[in-house]
Protein chains: 2
Amino acid sequence: MENTMFTCDKERLEDKILTFSKFGDAGHGGITRFSLSPEALQARAEFRKRMEAVGAEIKTDDMANMYATIKGSEDLPAIAMASHVDSVRNGGNYDGVLGVLTAMEVVETIATQKIPHRHPITAMIWTNEEGSLYPPAMMSSGVVCGKFDKEKMLASKSPKGKTFGEALKESGYEGDQANRLNPKDYVAMLELHIEQGPVLEAEKKDIGVVQGVLGMVNYRIRTYGQSDHAGTTPMKYRQDALLAAASAIKYLHEELDKLDSNLVYTTGEIVCHPCVHTVIPDFVDFSLDARHQDPEVIKQVVKVIENIPKELDKCRVEYELQWARNTIQFNKELVGLVKKNAEAYGYSNMDIYSGAGHDAQFVAEMLPTTMIFVPSKDGHSHCEPEFTPVENCWKGANVLLQTVLNVDKK
Amino acid sequence: MENTMFTCDKERLEDKILTFSKFGDAGHGGITRFSLSPEALQARAEFRKRMEAVGAEIKTDDMANMYATIKGSEDLPAIAMASHVDSVRNGGNYDGVLGVLTAMEVVETIATQKIPHRHPITAMIWTNEEGSLYPPAMMSSGVVCGKFDKEKMLASKSPKGKTFGEALKESGYEGDQANRLNPKDYVAMLELHIEQGPVLEAEKKDIGVVQGVLGMVNYRIRTYGQSDHAGTTPMKYRQDALLAAASAIKYLHEELDKLDSNLVYTTGEIVCHPCVHTVIPDFVDFSLDARHQDPEVIKQVVKVIENIPKELDKCRVEYELQWARNTIQFNKELVGLVKKNAEAYGYSNMDIYSGAGHDAQFVAEMLPTTMIFVPSKDGHSHCEPEFTPVENCWKGANVLLQTVLNVDKK
């Protein structure tokens, strides 16, 4: 390890967390801060103010992604740290914004402590990561990384019928396409994020050394029965689609539980027709979401689904693949640096995969990229009880700082 | 058996079925004919026209129940035949209306064939049996038989906010409370209805000799878990309320299947929260409806529900009784007459209980009452494919006619 281990300013970081928690404060511990909303623009203004105060130059690109950059001592591409400041409805004060606040803290630490660095260093806000008002999620990283068609994204409509393109124009943050994150002007992107799960807390680890984003498959399973009157149809004549769905759910759990213990799978959504207490259901449709880092395990999941009985409880059973994504592996060198720095600071840590999607997964296909996780209290996320102690946020910021300085030395 | 066996006019009955199928014709085989709607008023006008044509006197009571009565040779209370002409949304051409059409057919047969009879004979329309726009079902028989409070019923609102009281006033069919069906002016009520189930068809029987209406219990079963991210929460930390609900449904089916084979029970409605494919459900609520003629069997059902495990798949399980009704036994003498007449005509028949609710179940507590069932093709009901061959409708009408004439002789 290098001799000098710098650290961020814990109080300054805490002040940022408190300050940003006011932008969209829902009045009971959490926030609603949709991308490009007045609340999100307050957060952007605060970002600009604090970054300009330490000499950063502010730019935006054509998707309103916002870049605050301090110069380096040489004419080199920049090192980016990025996350998002938008939230889901009644979300918490950590998902996304903590990655921006720790990025700011790293820039402030380097600037105020005058830490020598060769590369420019950029703190960045991705626009509309949650896709709360304007789907899909990870919209702007998707456009910048060539995953989504920009015109289609501009046409994305809020429930009230406003397009993302209109919101973009009105925001005043629409900039130049030439300012987009790109592999010529940037050498790496680092994203600090809360885990959004219970593992780090349960395992008593300070830092999650993120290896990548889990591959996943998403299926719909459907059962087809016969709708009849609840009071007049003897049991032997029935084809009850909800009973068949219950059997299918039990079957899938039993079979999938036999696979690798790191597999996560969820039957989270269920639709029943006609869903009346006096009528035997004739149709049930439920979701199955399964995630694992190893494509071989995902193949085993697919096999379990393909082997589901064609008929359960006299009902026809069908499945349909909705979508799938391959596991994204983060840059091994960056992952190694995060691990080494966590160790050097004496922070307990563990390797972990992200089960949730992040802008970093798109960027990883364009630039060397990795993520740093900090613990989520009780695993809560996308809800108001979302919480990470400031001590853990600060430890994450220190690992982020040191990793940026390592990349700078390369 | 009496020497003379009269029969109804099959072609005239078929003409009525066809004519009434136009009132509220939804264009693909079925009808939508909400109580007191313009379509229902067309049906009432046709009822009036045809009944007045054979000399019947028309009255309505304060709930717009409609009575068409032909005089008898003596000053005696009347014999009523009744059902309803309103339907569910996209219902069929038989549920309810067939009971009115066969009652009309009996009146027309007696009047045109000049069959001697001592009692006045009444064909009757119950208002708002389905409760499609203005809940609850069986509203007007409930008021007339003292089960429901009239003021509360008048305040019942359609989804668009109109009250039943307003619809009643506008219909022009609001009459005098003194005209209500009552035990002084009426000696019996008979209701012919489609079975709404598959039993008569499967058993190849023409006539269901209805013994009564099944007693029932209706419960809600609820499972309480913990809502977490589908991608980030290892299986061992999960409390999945939908998995618990699937286990509860399987458990209930397994246990209830051990009870009497005539028991019918249904888990027809399920609500899942938050019902998002990427979130582990924290709450599921499903219905359990169970019906049987024997209160002892219903007690066994209650015991199964009370013994459901308090915890399934690490989720708390609760149950709540929503409502219960005791089995209604129809008048033994009338039931015996229906049986005897079916035999006398040479119609195959079987004893059966009604699993569905009917106006007759309320009337049975006020007057000697019974019902006659005819087969439902494929057991369909409350849907457009609802069908009963005219031959079966006619056989039912003949049994109805003969039973009225038997009661008349008493």
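This is a predicted model: local features need pLDDT of at least 70, side-chain atom pairs count only at pLDDT 80 or more; totals for chains, interfaces and linings use all residues.
Colleague: Understood. Where is Glu130(A) found in chain A?

Modeller: Glu130(A) sits in the loop that runs between β4 (121-126) and α4 (139-144) of chain A.

Colleague: Is Glu130(A) buried or exposed?

Modeller: Glu130(A) has a relative accessible area of 12%. Buried means under 20%, so Glu130(A) counts as buried.

Colleague: What is Glu130(A) in contact with, leaving aside neighbours within four places in sequence?

Modeller: Its contacts, with those neighbours left aside, are His84(A), Asp86(A), Ser87(A), Val88(A), Asp95(A), Ala137(A) and His382(A).

Colleague: Which residues does UniProt place under "binding site"?

Modeller: The unreviewed UniProt entry places that feature at Asp95(A), Glu130(A) and His382(A). These residues span 288 residues in sequence, yet no two of their C-alpha atoms are more than 9.9 Å apart, so they gather at one spot.

Colleague: And where does His382(A) lie?

Modeller: His382(A) is in the loop between β15 (369-374) and α12 (390-409) of chain A. With a relative accessible area of 34%, His382(A) is partly exposed.

Colleague: Which side chain does the side chain of His382(A) make a polar contact with?

Modeller: That partner is the side chain of Asp95(A), at 2.9 Å. Leaving aside neighbours within four places in sequence, His382(A) is in contact with several residues, including Glu130(A), Asn90(A) and Gln196(A).

Colleague: Changing topic to the interface: how many residues of chain B are in contact with chain A?

Modeller: There are 55 residues of chain B in contact with 56 residues of chain A. The area buried between the two chains is about 4,300 Å², and carbon and sulfur atoms give 61% of that. On the chain B side, Thr232(B), Met235(B) and His277(B) lose the most area to chain A, together 14% of what that side buries.

Colleague: How many salt bridges are there between chain B and chain A?

Modeller: The count is zero. The rule does find ten residue pairs in polar contact across this interface, both residues being at pLDDT 80 or more.

Colleague: Which element of chain B gives the most to the side that touches chain A?

Modeller: That is α8(B), with seven residues. By residue class, the side of chain B that touches chain A divides into 24 nonpolar, 19 polar and twelve charged residues.

Key:
Residues are numbered from 1 along each chain as its sequence is written. Chains are lettered from A and ligands numbered from 1 in the order in which they are written. Side-chain values use heavy atoms; hydrogens and water are left out. Contact means heavy atoms within 4.5 Å. Buried area is the accessible area (1.4 Å probe) that two parts lose on being put together, summed over both. A salt bridge is a side-chain nitrogen of Lys or Arg within 4 Å of a carboxyl oxygen of Asp or Glu. A polar contact is a pair of N or O atoms within 3.5 Å; within protein, one must be able to donate a hydrogen and the other to accept it, and residues adjacent in sequence count only if both atoms are side-chain atoms. Helices (H or I, at least four residues) and strands (E, at least two) are DSSP runs, numbered from the N terminus. Ala, Val, Leu, Ile, Met, Phe, Trp, Tyr, Cys and Pro count as nonpolar, Asp, Glu, Lys and Arg as charged, and the others, Gly among them, as polar. UniProt positions are given in the numbering used here, feature names are shortened, and annotations may be inferred rather than shown by experiment. Buried means under 20% relative accessible area, exposed over 50%, partly exposed in between (1.4 Å probe, protein chains only).
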